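Subject: Structure handover

Hello,

Here is the structure I said I would pass on. My notes on it follow below.

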Amino acid sequence: MDLPWILPGRNTQLRQEIDELFDRRGLPLPANIIECSTILTLKAVLVETDAVAPLPMLIGARDPLLDVLPLALDTVPREIGITTLADRPPSDSTRLLIKEIVAVARETDPVLWEPRG
């Protein structure tokens, strides 16, 4: 709790969910919070400082520059979606990217992944 924590901005859904995790455990929020929502900036701060950040295990465990702390945080349920323009169909390259994202999602967790829409 004494270290700086990197958390999403206050007005984001993920931040509200993380704040609720602290509250459920009866803990105050860390006093030193760095608000950041971009993974590249977040990673640079983690590598260069003693800051900590709640990240998906797939990010922390696969990055040799990061260490995973032996802490158990409750899982924050997250839905991942793809937003496209309503007034025009996706380009060929966008459709290919969407196809690859769906393939990786299925590989990562085929049991929990459900296509929507």
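Thr84 is in contact with Pro90 and Ile98, leaving aside its neighbours within four places in sequence; contact means heavy atoms within 4.5 Å. Thr84 sits in the loop between helix 3 (57–62) and helix 4 (92–108). Helices (H or I, at least four residues) and strands (E, at least two) are DSSP runs, numbered from the N terminus. At 41% relative accessibility, Thr84 counts as partly exposed, where buried means under 20% relative accessible area, exposed over 50%, and partly exposed in between (1.4 Å probe, protein chains only). Its C-alpha atom is separated by 9.1 Å from that of Thr94, 10 residues apart along the chain.

Please note that this is a predicted model: local features need pLDDT of at least 70, side-chain atom pairs count only at pLDDT 80 or more, and totals for chains, interfaces and linings use all residues. Residues are numbered from 1 along each chain as its sequence is written, and side-chain values use heavy atoms, with hydrogens and water left out.

The protein chain has four helices and two strands, in the order β-α-β-α-α-α along the sequence. Of its 117 residues, 16% count as buried. Among contacts with a separation of 6 or more, 53% are between residues 24 or more positions apart.

Arg15 lies in helix 1 (residues 13–24). Is Arg15 buried or exposed? Arg15 counts as buried, because its relative accessibility is 2%. Neighbours within four places aside, Arg15 is in contact with Leu7, Pro8, Gly9, Arg10, Leu29, Ile33 and Glu35.

The largest nonpolar core has six residues: Ile6, Cys36, Leu42, Leu46, Ala51 and Leu66. Such a core is a set of buried Ala, Val, Leu, Ile, Met, Phe, Trp, Tyr and Cys residues joined through side-chain atoms within 4.5 Å. Another core, of five residues, lies apart from it, and includes Trp5, Leu7, Ile18 and Val52. Not counting residues up to four places away in sequence, Leu42 touches Ile6, Cys36, Ala53 and Leu55.

Regards
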